[in-house]
Amino acid sequence: MTFNDDSQLSGGKVKRRGRTAGIAGGGIGVAGIVVFLIAQFTGVDLSGVVGGGGGLTTIQQGGAEASPVAECRTGRDANASIDCRMEGAAESLDAYWSAEAEQLGISYSTPEFFLFTGSTDTGCGTASASTGPFYCPPDRALYVDTDFYDELRSTYGASGGPLAEMYVVAHEWGHHVQQLEGTFAETDRSGSGAASDSVRVELQADCYAGAWVGDAATTESANGETFFEPVTRAQVADALSAASAVGDDSIQERATGRVDPDSFTHGTSEQRQDWFERGYERGATSCDTLTVPASAL
């Protein structure tokens with residue numbers, strides 16, 4: 001997905017952090033290790049197992065300084081720089097959900113969005129590139145080590161491209177929308193299985209990501225120019241490739257050589273692509289994964 005060179009970026013939506021200040025209490029603890037291992041296995045985020053942060057070691061917040069990503073003023077900057085691309089995606093997502101939230105009956109607020117390198121401390125534990133991008137409910141914030149995008153291509157086999165990168169952000173932003181909807185409080189994301197709440201929540205976030213992409217070419221920046229040029233099917237294919245690469249079945253097949261539906265937490269590659277496409281074609285109001293029967297997932 002290509003930014004309109006003449007679109008205007010206001011700045012301030014995305015901040016880059018320094019390295020973590022350390023872990024309070026002398027270590028991450030068993031719960032933190034379990035969260036890390038689950039994240040390693042399931043792929044792109046921790047939100048399905050972190051919940052409200054209960055049971056995790058408290059992390060020091062004071063040492064992780066954050067500052068807005070610099071010199072991101074236009075769509076041309078976003079096309080040239082990964083940090084500015086994250087800023088442009090955030091501004092477009094924020095504009096989209098500010099308008100779309102009313103259709104879902106929610107009061108919208110903007111999440112925090114932090115980029116980091118190596119590791120950083122969060123209200124959900126210590127994050128690293130191996131953790132994968134994730135949304136932390138206690139912080140109401142997205143965390144992304146942009147080196148993950150190299151891993152998405154090299155380890156998970158995604159085709160890459162700017163829209164594949166921004167799909168990941170849009171998926172995590174979808175979790176923020178779910179937090180505002182009360183979905184996290186109303187679902188049991190501690191379990192697993194092909195029709196579990198964990199899978200349903202993740203597939204809805206994929207659908208919300210698709211809904212944003214479907215509207216992206218009409219969402220306007222601060223100067224009235226659209227953020228993006230019209231989206232092509234080849235660019236959508238990049239996003240679908242990323243969605244497929246982090247399907248439970250694909251990850252399990254690569255890791256163990258077999259597939260165990262009882263341990264699914266994010267959905268299959270096919271499901272993730274299908275729900276992204278549904279959002280892309282029909283919008284956010286079509287993204288009811290929570291009440292449909294298992295056969296419709």
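Which residues of helix H10 (residues 248–256) are buried? The legends below start there, and all views come from a predicted model.

View 1. The buried residues in H10 are Asp-248, Ser-250, Ile-251 and Gln-252.

**View 2. Helix H9 packs on helix H11.** Two packed helices are described by the angle between their axes and the distance between the axes. For H9 (residues 233–245) and H11, the angle is about 140° and the axes lie 8 Å apart. H9 is therefore oblique to H11, and the crossing is right-handed. From H9, the contact takes in Arg-233, Val-236, Ala-239, Leu-240, Ala-243 and Ser-244, while H11 brings Ser-269, Arg-272, Gln-273, Phe-276, Glu-277 and Tyr-280. Sorted by class, these are six nonpolar, three polar and three charged residues.

View 3. Side chains of opposite charge can pair when their charged atoms come close. Here Arg-233 and Glu-277 form a salt bridge (3.2 Å, N to O), joining H9 to H11 across 44 residues of the chain. Arg-233 counts as partly exposed because its relative accessibility is 48%, whereas Glu-277, at 19%, counts as buried.

View 4. The partners sit 66 residues apart, with Arg-272 in helix H11 and Asp-206 in helix H8, and both are buried.

**View 5. Around Arg-278.** Look along helix H11 (residues 269–282) for Arg-278, which is partly exposed with a relative accessible area of 27%. Setting aside neighbours within four places in sequence, Arg-278 touches Cys-207, Gly-283 and Ser-286. Its C-alpha atom is 9.7 Å from that of Gly-214, 64 residues away along the chain.

**View 6. Helices H6 and H8 cross.** The axes of H6 (residues 162–181) and H8 (residues 197–216) come within 7 Å, at an angle of roughly 120°, in a right-handed crossing. Among the contact residues are Leu-163, Met-166 and Tyr-167 of H6, together with Tyr-208, Ala-209 and Trp-212 of H8. The contact holds 11 nonpolar, five polar and three charged residues.

View 7. One of the nine salt bridges in the structure joins Asp-121 and Arg-17 (3.4 Å, N to O). Asp-121 belongs to strand S4 (residues 119–122) and Arg-17 to strand S1 (residues 15–17), 104 residues apart. Asp-121 and Arg-17 are both buried.

Definitions and conventions: Residues are numbered from 1 along each chain as its sequence is written. This is a predicted model: local features need pLDDT of at least 70, side-chain atom pairs count only at pLDDT 80 or more; totals for chains, interfaces and linings use all residues. Side-chain values use heavy atoms; hydrogens and water are left out. Buried means under 20% relative accessible area, exposed over 50%, partly exposed in between (1.4 Å probe, protein chains only). Helices (H or I, at least four residues) and strands (E, at least two) are DSSP runs, numbered from the N terminus. Contact means heavy atoms within 4.5 Å. Axes are lines fitted to C-alpha atoms, for helices over the stretch in contact, and angles run from 0 to 180 degrees between N-to-C directions. Angles under 35 degrees count as roughly parallel, over 145 as roughly antiparallel, 65 to 115 as roughly perpendicular and the rest as oblique. A crossing is left-handed if the near helix is turned anticlockwise from the far one by less than a right angle, and right-handed if clockwise. Ala, Val, Leu, Ile, Met, Phe, Trp, Tyr, Cys and Pro count as nonpolar, Asp, Glu, Lys and Arg as charged, and the others, Gly among them, as polar. A salt bridge is a side-chain nitrogen of Lys or Arg within 4 Å of a carboxyl oxygen of Asp or Glu.
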